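User: I am new to this structure and would like to learn how to read its features. Could you walk me through it step by step?

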Amino acid sequence: MLTPYTAGEQLKDKRYIKLNTNENPYPPSPRLKDLFGAFDESVLKFYPAPDAGVLREQIALCEGVGKENVFCGNGSDEVLFLSFAAFFDGTRPVCFADITYTFYEVYAKFFGVTANVVPLNGDFTVNLSEMAERDCAGYFIANPNAPTGVGIPLNEMERFIASVPEKIVIADEAYMDFYGESCVPLTKKYENLLVVKTFSKSYSLAGIRCGYAVGNAALVRGLFNMKDCMNSYPVDAVCEAVCVQALLDREYHEKTVALVVSERERLRRELLALGFTVPESKANFLFAGRAPVSAREIYLRLKEEGVLVRFWDKPLISDFCRITVGTREETDVLLKKLKKILT
Ligand code: PMP
């Protein structure tokens with residue numbers, strides 16, 4: 001029996017302050033406003049480029065790699081799925097942390113690959129030295145990790161990647177733009193490294209569904225082979241054009257990332273002052289818990305009050321909520337409601 005991934009609530013019954021699925025509170029680049037008029041029939045009636053070449057070229061420029069080092073898919077979820085299909089044949093396990101992005105476990109079951117799961121350290125850091133010892137064909141490592149937000153410094157990642165040359169390391173950097181310790185430069189040095197990124201978070205484009213991988217050309221060809229057995233055109237013409245424009249507006253990207261980061265730090269200080277345990281986060285969300293009121297109750301009461309946060313009724317994390325960083329105004333409302341719930 002397969003266990004599907006449970007996506008966060010996308011409730012439409014009323015207007016919520018939505019802090020539950022790590023979307024960006026700011027709109028995407030204003031450049032996109034005028035773009036849709038350009039989608040005339042010639043763009044819409046023909047199939048898009050199967051290799052998303054224009055977008056891959058732009059990503060390559062931004063990431064400082066070659067176009068042959070970039071693969072694009074329908075959201076980074078699809079890129080992760082194809083990575084599983086391409087690099088794990090089921091003869092050896094896949095290794096990941098016990099508290100991490102739950103899709104890794106879903107994919108492992110889907111592909112019939114045994115999961116070799118390594119507990120996080122007590123301070124929520126990823127136990128890389130233990131992971132290096134585990135028998136496996138490779139690793140999925142979310143950096144920053146989800147749902148904790150804890151980041152792994154680049155030098156620690158490099159030491160780890162160098163110590164497991166026979167195993168593939170898939171670094172899921174969905175939230176890396178809020179941290180700035182990307183492993184992308186290491187893809188030139190280590191053939192066993194694939195970095196996966198997304199437009200959903202820092203580019204405010206979760207609705208568009210585009211993610212990409214950066215790695216050496218052989219790994220990228222492996223992903224193309226899998227894609228071409230499944231779907232010739234995972235990146236449609238509208239998606240490709242939108243993401244190119246978003247990449248071109250670097251200034252706007254940097255500005256909104258900086259706003260999220262500074263709001264994250266303010267929200268963390270306030271949550272700590274309210275008595276929450278909150279690991280230092282390098283992502284666009286905070287993992288807050290061990291408060292005098294249970295995480296379940298906080299989640300339910302906030303929902304009643306029109307604020308959505310994420311809560312998992314699962315061992316190890318049922319004492320915590322994951323709160324996406326919103327705008328300053330949204331944070332103010334959240335804090336007011338939390339104070340009410342806690343008193
Ligand atoms: N990786 C991690 C760690 C995530 O939290 C998410 C978002 N759910 C994804 C990948 C997938 O993002 P997307 O498919 O929107 O690119």
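## Reading the model, feature by feature

Analyst: Let's begin in one loop: Pro 144 is found between strand E5 (138–142) and helix H6 (154–163). Keep in mind throughout that this is a predicted model.

User: Which residue is joined to Pro 144 by a cis peptide bond, and what is omega there?

Analyst: The general idea comes first: most peptide bonds are trans. Here, Asn 143 and Pro 144 are joined by a cis bond, with omega about -5°. Another cis bond links Ala 146 to Pro 147, where omega is about 5°. Pro 147 also belongs to the loop between E5 and H6.

User: How should I read a phi value, and what is phi for Phe 124?

Analyst: Most residues other than glycine have a negative phi. Phe 124 has a positive phi, near 75°, and is not a glycine. You will find Phe 124 in the loop between strand E4 (115–118) and helix H5 (128–133). Arg 290 likewise is not a glycine and has a positive phi, of about 55°. Its place is the loop between strand E9 (285–289) and helix H10 (295–304). A glycine can be read in the same way: Gly 64, which follows H2, has a positive phi near 70°.

User: How do I read a helix, and which residues of helix H2 are buried?

Analyst: An α-helix has 3.6 residues a turn, so residues three or four places apart point the same way. In H2 (residues 53–63), the buried residues are Gly 53, Leu 55, Arg 56, Gln 58, Ile 59, Ala 60 and Glu 63. These buried residues pack against strand E2 (70–73), E7, strand E8 (211–215), helix H7 (217–228) and helix H8 (237–248).

User: Which atom of the ligand lies 2.6 Å from a polar side-chain atom of Tyr 175?

Analyst: It is an oxygen atom of the ligand that lies 2.6 Å from the polar side-chain atom of Tyr 175. Thr 198 has a side-chain N or O atom 2.6 Å from a ligand oxygen. For Arg 209, a polar side-chain atom is 2.7 Å from an oxygen atom of the ligand. The ligand taken alone exposes 410 Å², and the protein buries 92% of that.

User: Where is Glu 173, and is Glu 173 buried or exposed?

Analyst: Glu 173 is in the loop between strand E6 (168–172) and strand E7 (193–198). Glu 173 is buried because its relative accessible area is 2%.

User: What contacts does Cys 210 make, leaving aside its neighbours within four places in sequence?

Analyst: Cys 210 is in contact with Leu 55, Gly 73, Asn 74, Gly 75, Ser 76, Thr 198, Phe 199, Ser 200, Cys 239 and Cys 243. Cys 210 is found in the loop between E7 and E8, and Cys 210 is buried because its relative accessible area is 0%. Along the chain, Cys 210 and Thr 198 are 12 residues apart, while 6.2 Å separates their C-alpha atoms.

How values were computed. Residues numbered from 1 in each chain as written. Predicted model: local features only at pLDDT ≥ 70, side-chain atom pairs only at ≥ 80, totals over all residues. Heavy atoms only, no water. Helix = DSSP H or I, 4+ residues; strand = E, 2+ residues; numbered from the N terminus. Buried < 20%, exposed > 50% of the residue type's maximum accessible area, 1.4 Å probe, protein only. Polar contact = N/O pair within 3.5 Å; in protein donor to acceptor, adjacent residues only side chain to side chain. Areas by Shrake-Rupley, 256 points an atom, 1.4 Å probe, with all protein chains shown as cover. Contact = heavy atoms within 4.5 Å.
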